[in-house]
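Keep the 3D view open as you read.

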Amino acid sequence: MLSKIFIKNFALIDTLEVSLQDGLQVITGETGAGKSIILGALRLILGERADVKSISNAEEKSIVETEFALNNQFKKFFIENDLDYEHQTIIRREILPSGKSRAFINDVPVTLDILKELSSQLIDIHSQFETSNLFTSEYQFKIIDGLSENKKLIDDYQYEFSEFQSLKTQLKKLQTQLSESNKERDYKQFLLIELEDLNLDDVDYEDLQNQLSIQENAEMISDNLAQVLSRFHQEEVGILSFFNEAIHKLSKIAEVSNGFSELDQRLEGSFVELKDIISELENEAGKIEANPENLVLLSELNNKLNALLLKHSVSGVHELKEIRDQLADEQMGASELESSIADIEENVSKKEKSLHSLSEKLSKNRKKSVPVFIKKIEGLLKKLGLEKAKVDIELQNAQEFNMWGKENIQLLFQANSGFPLKPIQTAISGGERSRVMLAVKKIIAESDELPTLILDEIDTGVSGKVAEEIGNLMREMSEDMQLIVISHLAQVAAKGNNNYKVVKHDISGKTQSTIIPLNEEEKLNEIAQLLSGSKITDAALAQAKELIG
């Protein structure tokens, strides 16, 4: 229940504070007094866009604050959004002079999305121009499901449907990935085989280049090594003979002169090293053998490696190994993808069976409730001056599951007898919309716990007996909910449990609007004024007393 409204520095309102009660709360006031300003401020609580032009004093912030009496069913929302639950919860919007706005729930800053989520469960503002939601499938299902007592069933169905949609989204994503993967899979498989065939783990690229170079130059290497070794081993004129002779002579010199001992030792060491080098050269020379077949194999391997290095735009064998391993993982990933798709398809199938069962129960309950709805609404419309009005609800099987089951809904209407029923959006006139919506709200109020409902002049254009019936209807609705009505009808004002009047004054040369609660005498005078105009007559007072009863 909306228990308090506080508005500061908003349009024509300097400061406004009013406490509201349960039941039917009627707000009256002359045209232009500021009733629409109060509604505009309340729409900020519903999360609508804040306009800096609404600030009266541009140097101060504008504040709209509401207090609601909540029951424990809202605790879950507060826990889920990390907010402190209070039985008397305060929702506030602030518009700063800079144009920025802030939202608070119990003094904790919140996003507009969180604000909207909560306030939409607390307030429903409906004006004579806001009947388009009556034309939506969502609203029409809400009407019939309320009568069908489908609340628990629709909650279960929508939970399953949400899971079903999520699974289908996952499935589509994985199927797209698999499709894209399959397009490249054959080519990547070819690349993988190409890399695996080279046995890269056994390839030493530098050693390969060395072996290839040796094979390509085997004859030159053999000839040169033969000449080198020949120089070393020639009798009398070979390097070893001269080296051996030099050591012998230097050794004699060292025997007589210590100064040559170190040189003698160094020369002997060099001779040992030289003989070792000659030995290794002889070994290597023995290995050098021109092998055309080996040259072909080495060349083929080298050419394949260089081609792959170029193809993959890399510079080393280790990078080719990384590409090979990645391709292998991708091939494995495709198999895992197919397995995941199969699992999700199985879950989708299970969800479809569950949805089918739930949707059949929903449809069965709805079809039972259609005659009840028709009887109720046609009875209400007759009271509201639409004696000839006919209504029906058409339920048709749908091809796919939707948020409300596996069927579509169409609310049909005709205000005059002798004409076929048509979809309500094409058959209803502007003057009929408000009365049909009021009747619908009355039916919903009987079967569902509605938030505070604010009706803004939806009784415009009616009078006499119809006006009285509208007042009676609103009084009945207020027994199940808090109903706040902005009206110009005396018949409606007379039914109010509490009455308020929006007035406009000039204060210090500035026009300001405010709202005042009316006592019994003030309520009587206000109703009389609605009946007779600015001058209250005795007849108007008498009629006002009669209306109040």
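Strand β3 runs parallel to strand β14 (residues 498-507), with 4 bridges joining the two. Within that pairing, V26 has N499 of β14 as its bridge partner. β3 has another parallel neighbour, strand β13 (residues 483-486), again over 4 bridges, and here Q25 sits opposite I484. Strands count as paired if DSSP finds at least two bridges between them; the elements themselves are DSSP runs numbered from the N terminus, helices being H or I of at least four residues and strands E of at least two.

A word on what you're looking at: this is a predicted model, where local features need pLDDT of at least 70, side-chain atom pairs count only at pLDDT 80 or more, and totals for chains, interfaces and linings use all residues. Residues are numbered from 1 along each chain as its sequence is written, and side-chain values use heavy atoms, leaving out hydrogens and water.

Back to β3: how many of its residues are buried? The count is 5 of the 5 in residues 24-28, so the strand is largely enclosed by the rest of the structure. Buried here means under 20% relative accessible area, exposed means over 50%, and partly exposed is in between (1.4 Å probe, protein chains only). Both faces are covered, with L24, V26 and T28 buried on one side and Q25 and I27 on the other.

Now for a couple of loops. D107 lies between β6 (101-105) and β7 (108-110), and its phi is near 70°, a positive value in a non-glycine residue. Most residues other than glycine have a negative phi. S313, in the loop between α10 (292-311) and α11 (317-383), also has a positive phi, near 55°. Are these residues buried or exposed? D107 is exposed at 56% relative accessibility, and S313 is exposed at 65%.

Out on the surface, I253, V256, F260 and L263 make up a nonpolar patch with about 360 Å² of accessible area together. Patch members have over 30% relative accessible area and no salt bridge; nonpolar side chains (Val, Leu, Ile, Met, Phe, Trp, Tyr) are joined within 5 Å, like charges within 9 Å. F260 lies in the loop between α8 (239-256) and α9 (261-287), and is partly exposed at 35%.

Definitions and conventions
Accessible areas come from the Shrake-Rupley method with a 1.4 Å probe; for residues, only the protein chains shown count as cover. A salt bridge is a side-chain nitrogen of Lys or Arg within 4 Å of a carboxyl oxygen of Asp or Glu.
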